[in-house]
Structure formats: C-alpha cells, structure tokens
Amino acid sequence: MPKFMLILYDNPGDFSDLSPDQMQKVIEEYGAWAKEMGRKGLLAGGHKLKHEGGKVIRRDGKNSRIIDGPYSESKEVLAGIFIIEARNYVQAAEVAETCPHMKYGAKIDLREIDEV
C-alpha cells in the first residue's frame, strides 16, 4: 500500500496560552489518534520536531552555507510528520482530516512518498 507523509505546520506561540494541564490533554489527543491509526494499520511512523534550534542549509553557488533556523518571525514552522499508509490520496486525505492537528495546527501538507 502506498505511503503518504502528513507534514504538520504550527504557528509559533499558538500553544503559549495553554496551561500545563491543557497542553497535556492536547498531547494525549495526538497520542490517542496515533494509537487508533496504528490499530487500523494506517500509521507507519511519526515524529514531533523540537520548537527550538534547527539549521537551514542553502546552496550558494558551488558552496553551501549553514544558518540558524527556523525563525520565530515565520508565520508557520514545520512541527512534525506522520507517515501513513493509504490506498490513494483520497483515503490519505480522509485520514489526515481526522488528525488532531486539523484542530490545533496551522496546516497539513499531504505528499505521497516515492519508494526508490
């Protein structure tokens, strides 16, 4: 079955107003969703990225340069990914729409993985 990547984006600071208890409930909601998708045989993996740090590597002519990133002035930052298995984009989109990130995040990009 084809694999798809759900690329999750957040707006920096969206969770800053949540209490620790509220944040824990959000985390539990993501965990419950991942567990359910795993039970259904649809989840192949996933990772949350740390908010701080990161680097951007850009090609500059024949050389590359490494700079700090992502930047807090960005409207959206890459927050994490899930890898799911689905028959096609239609089913993958249906699964993505059930992800808690549709309630808490900025957006989800959905891309099919090219197994090379």
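## The hairpin of strands 3 and 4

A hairpin is formed by strand 3 and strand 4, with 2 residues between them, and Gly-61 in its turn has a positive phi of about 70°. Helices (H or I, at least four residues) and strands (E, at least two) are DSSP runs, numbered from the N terminus. The structure is a predicted model, in which local features need pLDDT of at least 70 and side-chain atom pairs count only at pLDDT 80 or more, while totals for chains, interfaces and linings use all residues. Residues are numbered from 1 along each chain as its sequence is written, and side-chain values use heavy atoms, with hydrogens and water left out.

Strand 3 (residues 55-60) and strand 4 run antiparallel and are joined by 6 bridges; two strands count as paired if DSSP finds at least two bridges between them. Within this pairing, Arg-58 has Arg-65 of strand 4 as its bridge partner.

## The chain as a whole

The chain contains 3 helices and 6 strands. Read from the N terminus, its elements follow the order β-α-β-β-β-β-α-α-β. The C-alpha trace spans about 45 × 45 × 20 Å along its principal axes.

Of the 116 residues in the chain, 25% are buried. The chain exposes about 8300 Å², and carbon and sulfur atoms supply 51% of that area; accessible areas come from the Shrake-Rupley method with a 1.4 Å probe, and for residues only the protein chains shown count as cover. Among contacts (heavy atoms within 4.5 Å) between residues at least 6 apart in sequence, 77% join residues at least 24 apart.

An open sheet of 4 strands has the order 2-5-1-6, with antiparallel pairing. Its edge strands are strand 2 (43-48) and strand 6 (107-112), each of which pairs on one side only. On average, neighbouring strands of this sheet are turned by 20° against each other, direction ignored. Helix 2 (residues 89-97) packs on the sheet and touches strand 1, strand 5 and strand 6, and its direction makes about 155° with that of strand 6. For such angles, axes are lines fitted to C-alpha atoms, for helices over the stretch in contact, and values run from 0 to 180 degrees between N-to-C directions.

Strand 1 (residues 3-10) runs antiparallel to strand 5 (residues 77-85), to which 8 bridges join it. Across this pairing, Lys-3 stands opposite Glu-85, and Leu-6 stands opposite Phe-82. Strand 1 also pairs with strand 6 in the antiparallel sense, over 6 bridges, and there Ile-7 stands opposite Asp-109. Strand 1 is mostly covered, with 6 of its 8 residues buried.

Arg-111 lies in strand 6. This residue is exposed, with a relative accessible area of 53%. Not counting residues up to four places away in sequence, Arg-111 touches Lys-3, Phe-4, Met-5, Ile-7 and Tyr-89. Phe-4 is 107 residues from Arg-111 along the chain, yet their C-alpha atoms are separated by 5.5 Å.

Definitions and conventions
Buried means under 20% relative accessible area, exposed over 50%, partly exposed in between (1.4 Å probe, protein chains only).
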